[in-house]
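Biologist: Before we discuss the terms used for this model, could you show me the sequence and the structure?

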Amino acid sequence: MLVILLTVCSQLSAQQPMERMITFKGSALTVQQFLQQVKSQQQLQFTFDEDVNALLSRTIRIRKNPVALKEALDWLSADASIQCRILNNYAILSVIPVAQKTPPGTPVSASMELPQPSTKALGEVVVTALGIKKSERNLGYAVTQLSAKDVSDVPQPNVMNSLAARVPGVSVRSTGADPGSSVMVTIRGQSSISKDNQPLYVVDGVPVAPAIQNPSQAVDGKQTVDYGSPISDISADDIASITVLKGASAAALYGSRAGSGVILITTKSGAAKKGLGVSFNSTAMFDKAWMFPHFQHEFGSGDWTGSDNTISTGAWGPKLNTGRKLVQWNSPLDENGQPVPLDWVSHPDRVKDFFRTGQTFTNNIAVSKSTDAGNFRLSYGNMQNKGIVPNTGLKRDNLTFSGTYHLNKSIHVSTNLAYTNNRSDNRPSAYTESVTMQVYKLTPNVDIHALRNYWVPGREGLQQYNPYSTDDNPWLIAYEETNSYTRNRITGNVQASFDIRPDLTLMVRTGLDYYALNEDQRRPFSAKRNPRGAYVVKNDHFKEQNSDFLLTYKPVIKSPLKVSVAAGGNRMDQEVMTNAQSTGILTLPGVYNLSNAAAGSLVNTQSYTRKRINSVYGIGEVSYNNYLFLNLTARNDWSSTLPKGNNSYFYPSVSLSAIVSDILNIKWQELSYLKLRANWSQVGADTDPYQLYNTVPFSTDWGSVKRATISFNQKNSLLKPEIATSYEAGIDASFFKDRIGFNLTWYKTNNRNQIIQVPTTIASGASTMLINAGNIQNSGWEVGLNLVPVKSAITWKSDINFTRNVNKVITLTPAVTSYMLGSTDGSNIQYLIREGTKMGDFYTRSWVKVKEGPYAGQALLNSNGLQQQDAEFVKIGNYNPDFMIGFNNNLQYKRLTLNFLIDWRKGGSYYSYVAKSLIQDGRTKNTLRGRDAAHGGLTWTDANGTLRDDGMLMEGVLDNGDGSYRPNDKIIDAATYYDNKYWKYYENETYTATYVKLKEVSLTYAFNNILLQRIPFLSNLSLSLIGSNLYTWTAARNGYDPEITMSLSNQRYQGVGHWTLPGTRSYGAKLSCNF
Amino acid sequence: MKRANILYSLLTAITFTSCTKGFEDINTNPNSPSVTRPEYHLTEAVTQTAYAYAENGFTRRPAALGRYITLIRNNDYELFRWTSVDWSDIYQRAMVIKTMQQEGAATGQPAYVAAGNVLLAFNIAYLTDLYGDIPYSKALQSVENGNIKPTYDRQEDVYKSLLSLLKEANTQLMTAGNGLNASADAMFSGDALKWRKLANSLRLRMLLRCSKNYTTAFTEMQEILNNK
């Protein structure tokens, strides 16, 4: 409701200054101030010297502006304390005092004096844990709330993308360029070694499915598919607000699952507007791939520039576009069976031409009605996407209903129900052997269009047509290696609240989140990994039920010291079921049915897990004079996953907020608001189900005989809960009547007793053991600046936020000093956690260097003039940024609004397997140097006595054998140079991840309602031009988008770029209106 | 006050009676059993041992090292770099065998203990031949007593220990060798005599290998030959 009020207010304030002012019994104040004061009556001292009847005639005059005011009036009319009418050119608001507050006839003092507090001082209302709405001023922790506008201005298919650069302390990373990609949200750094560090999502008070799912790896074990995060099922058009609870204190009431923060999503309800309302939004977005590695188009297929073999996967071959004809991959055979040479020309658009323009159309219509007895909102949304990879896409339908009904004055029932269907005939794949890899790896002389008919004529369905037998035709991957899915999801809750007494309310609620995900992955005959085809069917079921109650007691106390308490409980039951059948050999081509599996090739997997957490919690709030607030929370969880005796854990939190400006009664023009806040909390966490005792898994059958192995990951029946302790302190201030707002937060969190699987020696009978260990510390700063640099005909509002998180591994365990979080590229890149280092560090082996003397630090080459690999793993980077800055701007001129959002991430690095692979095969521009004399190649004679001009010298020195060194003089060919320098030396393809993105832009024109009066029913028509990721600047300038550079294998590895789709920019238009 | 009392007792009831009720049931893994039958482990141990042995013989370590085969690539196997593949595989198989023996003992099927000793000796002997000194006497005890840092035994002691294990296995097989599930025994179809022959041949091979340093090697060989 507040959101709408604020929207209204901001619209009002956009008018001429004169029109923004109103007069209330001699006091000049802005409409905004007035409205807010009316709403938060705690600030407004209604003291009158007249009787109630006289008050009715008291009016406020607002100069004419019926259009913008109408909305305000509509809203205000829903509030019993305000009456309004429109008379000719004037709007008249009449204030009716609420009976209880000023009983009729109560003699009261003199005329009304309205202070002019800043809007900050009044405090925005934010949704906090358990859905409790609180004024921002009494929170002892940093909290960020996004409005509907923030998420719907440039609606993102995955709404979590809208959080990027808007919330200090929060890192948002889309895991791919496709609009259906999952989004990783990390709040205040990675703190858990074994968990995914993703926040808990709570929709309308009910926790929902984990936001991130591991990518699905098809039967071939190479290509991976991201079926998207369940959180993306929520349509941006249905969101009323998103609150990010960052610290442990804010989230303490959500218990063990809130270790990585909580994101509270409140959906729109019908209560906002009296009467019947229909709203319609339509968006069209187009995605264009534009960030490609810098491919070379000068040299074709071959082993070296003079090579005879011009059918090679390497692009080290002869120079292109010289008028020559050479034998190529698609040379037809002459009558003697000899390949016919063809024009040796480059196809510079071979990569670009494969990707098409992606399209996303989103439509949403919502009907709402509010009456005295209740309200409802019914919304239907439809999203249709065609991906940039041919034959890929995503369709989504969502239907949501929310309703409230007042059974009588004290019993209210409400419900939120949502059904979402996501489906796709084919999702783009990532990782090794995906389309990206096959397209990027085409040599410059290959015409992508010549591959379009991907079957060998006459052998359709049996044999693919591909340039190199080692690689799949990218069109075959797109059209035949499909990864389809359907996800049907139902979420909902029913809630009843009872006003037992005016000061005592009881809420009971139960909520359900259920989805069924059916995946279907197909591989045709002649696919590289599955020459006889493959087929996988997988069904996942997820169910989570939360039932809770909350009893709130808010006594009416007439002293400045106020107390309120609440107590509640929650039971969470979670069930996850997976069922999969797969075959790596089909009997007949093109028949995708499990019955077509070759005899004995069918593999079944099944798993079922279940978990329960019971909780009780209590909240206490003490406030003094509305400027000093002490909030206490306590929660105890009992988790089924921990052993008896250790399965109960308690977590307390204390937070304090002091409005210093009120305490000291500061009434300066310069400083309108100053708040200090601090908190401490402790949060426990459990683990996954079945981590206490080992079981005996069956392995694959040996013919008709069963086999059973054992699990070498030793479980632990003595596990203890994890404990995170956190401190936070901050300042909120507002200067010059809210022209400058400032907030600063410092925090420190220590996660101890983490439940991790540490490696042991298999000689002990187990290769890993589950133990409690570690202390990971995250500390950091968050700064927010809200500026209004220009406030005249043009209003410019600018929000800047700064995030810096510093991670430190304080201890692991005495037995384990180095822990491998993961590895990639055949364990050549290792994510190691060592005491005193940071999470996110990655290590690899470097090359041997001269230790001392004049050549110290230079590469010590072997006798062939090549680099040699060192044995030790050394740190080469960390994938976390040093800091992040979000810069959000809003410019308004009359009916035109321009918004733009810039996301700047500084520091961090990533290793690119893609870069390495493309360099090794000579596909990118950075491999041109030295290829021929024109490119600086040295003249040399190779082992066969051929005189060549592609000689190069590896940087480094040679050992003279007597302890002295000399600069390298061993000439090698260009291909060997690049292969030696880049293939094994990962730091050479490790780049800085710094980037600046123009994340979102929208230019909106709001039509004048007067003009629209000619069209009955229609109102609030607005049209926007929108764009997202329009431009990305990267410090590495190598054609890779650092945000989406990651490895999507069986997990998501940050800091490593494996074959993912190229970076895209999206632009489009949005139309919204009400009826 | 009365109302508060009711609420309080309600809260207490919810809190303390049902907070952990049914937890053990909920947290019992339904996906795989906690104990199984020894014959399933026997098939696993026999087939995995055979596959690894055959693979090594044809395409990997000793074959490549001895240049019976050439891998051309100058890879680890040809450069005396064993890597940890066999190390891990053999200890894993040894642990499966140990689990089988425990299950056999617990269910009164001593034949599995006996056959297990033969398989264990086969695998551990191969391991010590590859790596020399290895953890043996204190190995595989993580589950029993939490020893995750087993000490190394000298190869000589491992050999001695395995020789007596094989001797013991022969005796066990003689007295209680019947009872192996014939279809689960992928190697000998439950024929105890064949297992005894394997135990004794293995012992002979080991004795032959250490005969230069093991004074009683030939006496023991004779003993085996006399064993009927």
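Modeller: A residue is called buried if 20 or more other C-beta atoms lie within 10 Å of its own, exposed if 12 or fewer, and partly exposed in between, with C-beta atoms placed from the backbone. This is a predicted model, in which local features need pLDDT of at least 70 and side-chain atom pairs count only at pLDDT 80 or more, while totals for chains, interfaces and linings use all residues. Residues are numbered from 1 along each chain as its sequence is written, and chains are lettered from A and ligands numbered from 1 in the order in which they are written.

Biologist: What makes helix H13 of chain A mostly covered?

Modeller: Of its 9 residues, spanning 974-982, 8 are buried, among them Tyr977(A), Asp979(A) and Lys981(A). Each of these therefore has 20 or more other C-beta atoms within 10 Å of its own. The buried residues of H13(A) pack against helix H12, strand S48 and strand S51 of chain A, where contact requires C-beta atoms, placed from the backbone, within 7 Å.

Biologist: Why are strands S17 and S58 of chain A said to pair?

Modeller: Pairing needs at least two bridges found by DSSP, and these strands have 12, in the antiparallel sense, so they pair by that definition. Asn281(A) stands opposite Ser1072(A) in S58(A). Strand S54 of chain A and S58(A) also pair in the antiparallel sense, over 8 bridges, with Ser1024(A) opposite Lys1070(A).

Biologist: How many residues does each chain give to the contact between chains A and B?

Modeller: Chain A gives 39 residues and chain B 41, and the largest share of chain A's side, 7 residues, comes from S29(A).

Methods:
Contact = placed C-beta atoms within 7 Å. Helix = DSSP H or I, 4+ residues; strand = E, 2+ residues; numbered from the N terminus.
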